[in-house]
Amino acid sequence: MPRPNETKVRPKNCFFCVNNVKEIDYKDINTLRRFISSYAKIVPPKRSGVCSSHQRKLSQAIKRARIMSLLPFTNK
Amino acid sequence: MTNHYELLYLVSAAYPEEDLAAIKEKVKDLIKKFEGQITFEDSFGKKKLAYPVKKAFHGYYLLYEFDLEGEKLKDLNNNLKLANEILRHIVVSKKPQSAQQRAEKKMAAKAVQIAETQVVEDKEKDKGKIKLEDLDQRLDEILGGDII
């Protein structure tokens, strides 16, 4: 017997959707800091819960901040 | 066609703060040379860099917003690259904002921050309570054990 498909309704937990942020600013380091790991890698959306459209904007912002030496490329 | 851009550039902290005005003026002239119109000016002050750039560990972050023709952006970028004082720069297209919108955005960002710190504080308070109770229990256990 195939299992019935269970549809889980998950709460919306994208940080930017919840706070109604439309554009992510690359200069806002305190916000970006939450989305990089201890090795300064960009945290995958699966772990941070950021929706895909915001994840795209977020990764762009983090990369810009890295170029401007606002965020590290890597931590040893 | 003119577009709205934002320029953020990094000046080494090896320059004293008195020299900053001259460097600012230089960048301003450069933007004006390409018929750009400056609409907003800002500075984030002296900051520690995330990694050393050309052996500089600290730098000043300065910001300009301006309207410029799209075709001239490439030339402006090349000129900024050639400026020795500027360690790094980035030009990003941006939606034009009025002063009021800017203030509103700042307020909204602050509200988010305050809400978050409150959540953290509440959590810490809860932690403190639990710890105190635990401590009492443990103390009782230890003391009781010793007496017996």
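Colleague: In which element of chain B is confidence lowest, and in which is it highest?

Modeller: Confidence is lowest in helix H3 (residues 99-147) of chain B, at a mean of 73, and highest in strand E4 (residues 86-93) of chain B, at 91; these values are pLDDT, the predictor's confidence in each residue, from 0 to 100. This is a predicted model, in which local features need pLDDT of at least 70 and side-chain atom pairs count only at pLDDT 80 or more, while totals for chains, interfaces and linings use all residues, and side-chain values use heavy atoms, with hydrogens and water left out. Residues are numbered from 1 along each chain as its sequence is written, and chains are lettered from A and ligands numbered from 1 in the order in which they are written. Where pLDDT is low, the predicted coordinates should not be read in detail.

Colleague: What is the mean pLDDT of chain B, and what are the ipTM and pTM of the model?

Modeller: The mean for chain B is 83, with 94% of its residues at 70 or more, and the model scores ipTM 0.74 and pTM 0.74.

Colleague: How many helices and strands are there in chain B, and what pattern do they follow?

Modeller: Chain B has three helices and four strands, which follow the pattern β-α-β-β-α-β-α along the sequence. Both kinds of element are DSSP runs, numbered from the N terminus: helices are H or I with at least four residues, strands are E with at least two.

Colleague: Why is His89(B) called buried?

Modeller: His89(B), which lies in strand E4 of chain B, is called buried because its relative accessible area is 17%, and buried means under 20%, exposed over 50% and partly exposed in between (1.4 Å probe, protein chains only). Leaving aside neighbours within four places in sequence, its contacts (heavy atoms within 4.5 Å) include Met68(A), Leu7(B) and Tyr9(B).

Colleague: What makes Gln55(A) a buried residue?

Modeller: Gln55(A), placed in helix H4 (residues 52-67) of chain A, has a relative accessible area of 12%, and is therefore buried. Not counting residues up to four places away in sequence, Gln55(A) touches Ile42(A), Val43(A), Pro45(A), Ser48(A) and Val50(A).
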